[in-house]
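Thanks for coming. Please have a look at the structure first.

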Amino acid sequence: MKYLEKTMEKLLKRLRIASISLAVIGACGLVYNLILFAILRPRVLNFEALGEQMDTLNILGILSGVSLALIGFFHLFTVITLLLQVTAQRSASMLKILTIVVGVISGLLLLSDLAMLQDIGKQYVAGLGTAAEWTILFINHGLHLLFTVLALITLATRSKRESLPPETAVKDDVLFAAAHTTGALCGGIGLTAILLALLTRLPIQVIEAISIPISLLVLLPYLLMLGAWLFMKRRERMKDWLDEKQFQDTARAGLWTLLLLLPCLTAFGILQRVSGSGNIYDSIWFPFTIFLGMLAFSSVVLHSIRG
Amino acid sequence: LKLGNNIRQLRFEHDELSQQALANAVGVTRLTIHSIETGKFFPSALLAMKIARFFNISVEEVFHIIEEEE
């Protein structure tokens, strides 16, 4: 057992150092991409001829692709390192959970970066506008940058608890709290995204098209953390998954969530009937309910744990 | 009426036993022991008996009723 603990400790130390190095490389890649995009954007938007510099642009494009690959590798490595820290070292600060949540969302948005770059190339050749694609690309890179900063802070900070050997726990409470912190964060992010969509008055068709992919994107960190918790519980009987206080806390949270969701669902039902078909409430009621439920349930559990 | 307890004192009398060690012995999380000690959570009869049995004393020696003054 001691040997396993020491091996894990060594592995985590090496992963941490490797992640910090990758974070620095990833940050350089991000800065490179941002500078390249800032130079290219006005020229592409104004349909300036780029034929003469095509060779140089091809090399710059390949470098940008390499940067994205490195950034992706850094995302994957860091999220795995932090998840291992949460499960093996039983260390789950709010900052660490936030970094994992942002990391998963930001990592998946790298695929959207590739799609946007391809769209920009095709639409430039076809003579079509690319303003929306550039905006998405810059927002995504803003999120990658936020993750890089959070990852560097999280990886560089060693809490007192991490420097001490963790006391073995038969019943784990760290991962339980971590799963609910993730739930509260993801619920909050999801509700903020819906609120932003409403405030910016996005067309209903756009909201309909993006609501499911964005909801899945925001849900993924929560599912990941929940999966990690279930993985740790796989050898226990289901009735032993929670101890009696955790059971009481989740029961209380369930009651509060029900009390909050019932009037919300009633309000949505009334609004849908009053507004007729093709209204915005048809598109947002489901993600809104899911995220509000997550935020309420996990927040009450966390409050009960700490209260 | 409130439920008071001597768990913290009993832990210190048992070689400064940690909350985690007691939690492991009775099959709950460390936070549950912390919540019982601070009076934020009242354990079930079964858990109260498990804690008493761990310290090899009766339940009444671990837990006691505090009558609140009006």
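This is a predicted model: local features need pLDDT of at least 70, side-chain atom pairs count only at pLDDT 80 or more; totals for chains, interfaces and linings use all residues.

Chain A has 9 helices and 0 strands. Read from the N terminus, its elements run α-α-α-α-α-α-α-α-α. The C-alpha trace of chain A spans about 70 × 60 × 30 Å along its principal axes.

Now the helix packing. Helix H2(A), residues 54-88, packs against H4(A) at an angle of about 40°, and the two axes are 11 Å apart. Because of that angle, H2(A) is classed as oblique to H4(A). The crossing of H2(A) past H4(A) is left-handed. On the H2(A) side, the contact is made by A:Leu68, A:Phe74, A:His75, A:Thr78, A:Val79, A:Thr81 and A:Leu82. From H4(A) come A:His141, A:His144, A:Phe147, A:Thr148, A:Ala151, A:Thr154 and A:Leu155. What is the make-up of the contact of H2(A) with H4(A) by class? There are 7 nonpolar and 7 polar residues, and no charged ones.

The next pair is H3 and H7 of chain A. H3(A) and H7(A) pack at an angle of about 130°, with 9 Å between their axes. This pair, too, gets the label oblique because of its angle, H3(A) to H7(A). The crossing here is right-handed, with H3(A) passing H7(A). H3(A) contributes A:Ile97, A:Ile100, A:Val101, A:Val104, A:Ile105, A:Leu108 and A:Leu109 to the contact. H7(A) contributes A:Leu217, A:Val218, A:Leu220, A:Pro221, A:Leu224 and A:Met225. By class, the contact of H3(A) with H7(A) has 13 nonpolar residues, with no polar and no charged ones.

The last pair is H6 and H9 of chain A. H6(A) and H9(A) pack at about 145°, with their axes 8 Å apart. Their crossing is left-handed. The contact of H6(A) with H9(A) has 19 nonpolar, 8 polar and 1 charged residues.

Next, the empty space. A probe the size of a water molecule, rolled over the atoms, shows where such space is left.

The second largest pocket has a volume of about 1200 Å³. It is lined by 36 residues, and those closest to its centre are A:Ile139, A:Ala193, A:Ile210, A:Ile214 and A:Leu217. Which elements give two or more residues to this lining? They are H3 (94-126), H4 (131-156), H6 (174-199), H7 (204-232) and H9 (280-306), all helices of chain A. H7(A) gives the most, with 10 residues. By class, the pocket lining has 28 nonpolar and 8 polar residues, and no charged ones.

The largest cavity has a volume of about 60 Å³. Its lining takes residues from both chains: A:Asp173, A:Phe176, A:Asp243, A:Lys245, A:Gln246, A:Asp249 and A:Ile305 from chain A, and B:Thr29, B:Leu31 and B:Thr32 from chain B. Helix H8 (244-275) of chain A and helix H3 (30-37) of chain B each supply at least two of the lining residues. The largest share, 3 residues, comes from H8(A). By class, the cavity lining has 3 nonpolar, 3 polar and 4 charged residues, whereas the lining of the second largest pocket has no charged residues.

That is what I have; questions are welcome.

Terms used:
Residues are numbered from 1 along each chain as its sequence is written. Chains are lettered from A and ligands numbered from 1 in the order in which they are written. Side-chain values use heavy atoms; hydrogens and water are left out. On a 1 Å grid over the protein atoms alone, a cavity is a set of points where a 1.4 Å probe fits but cannot get out, and a pocket is an open set with protein on both sides within 12 Å along at least five of seven lines; lining residues have an atom within 4 Å of a point. Grid points are joined across faces, edges and corners, and a volume is the space filled by probe spheres set on the points. Helices (H or I, at least four residues) and strands (E, at least two) are DSSP runs, numbered from the N terminus. Ala, Val, Leu, Ile, Met, Phe, Trp, Tyr, Cys and Pro count as nonpolar, Asp, Glu, Lys and Arg as charged, and the others, Gly among them, as polar. Axes are lines fitted to C-alpha atoms, for helices over the stretch in contact, and angles run from 0 to 180 degrees between N-to-C directions. Angles under 35 degrees count as roughly parallel, over 145 as roughly antiparallel, 65 to 115 as roughly perpendicular and the rest as oblique. A crossing is left-handed if the near helix is turned anticlockwise from the far one by less than a right angle, and right-handed if clockwise. Contact means heavy atoms within 4.5 Å.
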